Amino acid sequence: MRKVIVTLGMGIAGLTACKTNIEHAKSAAAEKAYVAKASKKYHKKKSDGAEAESEIDINTDLGFYRAMLRDLDIRETPEKIKFLHAWQQREDSTAQNNPFNATAHIPGTKDSNYNTGGVRNYPTRQTGLDATVAMLRSGHFKEILSFLKKDNVTANEITHAKALKNWGTGLDELVQSAYNKINFNTAAKLSYDVFKKAYTGYMNLKAAGKVPSKKDILTVVDFSQRSSEKRLWVIDLNNNKIVFNDLVAHGQGSGDAMATKFSNTNESHQSSLGFYVTDDTYIGKHGRSLRVNGMDQGFNHSARSRAVVVHGAKYVNAARAASGSIGRSWGCPAVSDALIQPLINTIQGGTVLFLYAPQEDYLKHSAWLNKKLDEGKLAMHAPAQGSSVAYA
């Protein structure tokens with residue numbers, strides 16, 4: 001069976017394989033008919049629409065959205081524009097003149113392959129617009145079009161349409177894409193399962209307004225690993241890179257080489273699981289340290305009263321790690337004296353810190369892990385790719 005000429009660009013999710021069954025279900029005859037139709041549509045002169053086309057600048061994002069709706073013969077509303085913006089942000093396309101990661105080849109144009117998933121580069125913005133419209137008219141996305149044609153439809157209704165799962169707007173696709181983009185380089189690789197939990201909470205905190213919109217640094221501590229392992233990761237989600245991967249201590253009440261017990265109680269000297277948002281710094285007995293606010297009610301909300309902070313400690317070092325375990329704190333996520341200042345400078349002021357362990361009670365009851373994300377807000381709160389982040 002030949003591959004059809006139009007598939008939907010999976011964009012940020014990168015899951016073009018989701019439509020394999022649909023693509024192979026089309027017959028060669030249907031494909032041939034569609035190519036002819038697409039070619040005829042593209043080369044047709046619209047004398048009566050020339051004036052309307054000139055009024056829209058498709059080189060702007062808004063103009064592209066408006067032109068899409070116009071060419072689809074769909075009435076424009078603010079909610080539909082909002083949806084198209086969310087869609088484009090999710091696709092996160094860097095293909096030439098192709099903001100929605102279209103895969104349609106328009107006969108008679110000099111487009112080219114952008115990646116192995118079928119996404120194409122287009123010679124002009126107009127060609128990219130025609131390809132995107134052709135994609136939506138291909139017959140695979142009737143449910144999306146039926147929603148868009150309703151004058152009173154909301155962006156939230158469209159985003160939750162079952163058909164949209166085919167092109168990867170769901171949480172699973174978003175997380176997988178974010179994880180796949182990270183360049184771990186020489187750092188140890190954080191497990192996908194732990195990253196998924198960390199990213200889910202991070203997105204929920206952002207959606208709830210608990211984290212500044214431009215704070216796209218995520219710090220993860222995986223207490224399922226021994227203290228001799230580099231189990232702390234600081235991830236720059238804007239630039240898809242690991243800033244730090246290093247040692248971190250757990251509380252002496254939590255265990256020896258492995259942390260197995262966790263508490264939110266004062267004087268327990270145990271680590272507290274969950275999500276934190278970093279705050280300001282102060283000078284204490286460990287030197288310059290970083291305050292954190294526990295966001296998981298019942299699990300770490302007492303962090304401030306317990307004086308749980310990020311601080312440096314002499315007992316966190318490579319020599320001790322080589323012996324099988326590093327020293328332990330009184331419940332703080334302590335790092336080496338060499339790391340503490342650059343770490344603080346990078347994560348202070350409202351970034352997310354996640355302390356993880358495979359504890360059933362926490363995983364089952366954490367509000368930030370189990371809160372259902374509004375998929376209509378995902379793209380709005382996703383990290384802005386390529387923005388500058390200062391490290392020190």
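1. The protein's secondary structure comes to 15 helices and 11 strands, where helices (H or I, at least four residues) and strands (E, at least two) are DSSP runs numbered from the N terminus. The model is predicted: local features need pLDDT of at least 70 and side-chain atom pairs count only at pLDDT 80 or more, while totals for chains, interfaces and linings use all residues. Residues are numbered from 1 along each chain as its sequence is written, and side-chain values use heavy atoms, with hydrogens and water left out.

2. Of the 392 residues, 53% count as buried; buried means under 20% relative accessible area, exposed over 50%, and partly exposed in between (1.4 Å probe, protein chains only). Among contacts with a separation of 6 or more, 63% come from residues 24 or more positions apart. Contact here means heavy atoms within 4.5 Å.

3. The largest nonpolar core has 56 residues, and F195 and I235 have the most contacts inside it. The largest share of this core, 7 residues, is supplied by helix α10 (residues 192–207). A nonpolar core is a set of buried Ala, Val, Leu, Ile, Met, Phe, Trp, Tyr and Cys residues joined through side-chain atoms within 4.5 Å. Leaving out residues up to four places away in sequence, F195 touches V175, A178, Y179, I182, L190, L218, I235 and L237. A second, separate core of 29 residues includes M68, A104, L129 and L148.

4. M68 belongs to α4, in which G63, F64, Y65, A67, M68, L69 and D71 are buried. After α4 comes D73, with a positive phi near 60 degrees.

5. Two packed helices are described by the angle between their axes and the distance between the axes. Helix α4 (residues 61–71) and helix α6 (residues 125–136) have axes that come within 10 Å and cross at roughly 45 degrees. Axes are lines fitted to C-alpha atoms, for helices over the stretch in contact, and angles run from 0 to 180 degrees between N-to-C directions. The pair is therefore oblique; angles under 35 degrees count as roughly parallel, over 145 as roughly antiparallel, 65 to 115 as roughly perpendicular and the rest as oblique. The crossing is right-handed, that is, the near helix is turned clockwise from the far one by less than a right angle. D61, F64, A67, M68, R70 and D71 of α4 meet R125, G128, L129, D130, T132, V133 and L136 of α6.

6. α4 also packs against α5: their axes come within 10 Å and cross at roughly 115 degrees, and this crossing is right-handed. On the α4 side the contacts involve D61, L62, Y65, R66, M68 and L69, which meet K80, I81, L84, H85, W87 and Q88 in α5.

7. Helix α5 (residues 78–91) has 14 residues and reaches 20 Å from its first C-alpha to its last, close to the 20 Å expected at 1.5 Å a residue. The expected span is 1.5 Å times one less than the number of residues. K80, I81, F83, L84, A86, W87, Q88, R90 and E91 are buried in α5. D92 follows α5 and has a positive phi, near 50 degrees.

8. D337 lies in helix α12 (residues 337–347) and is partly exposed at 38% relative accessibility. Its C-alpha is 4.6 Å from that of G312, 25 residues apart along the chain. Beyond neighbours within four places in sequence, D337 is in contact with G312, A313 and K314.

9. G350 is in the loop between α12 and β11 (352–356), buried with a relative accessible area of 5%. The C-alpha atoms of G350 and V211 are separated by 5.8 Å, although 139 residues apart along the chain. Apart from residues up to four places away in sequence, G350 touches V211, P212, K215, V277 and T278.
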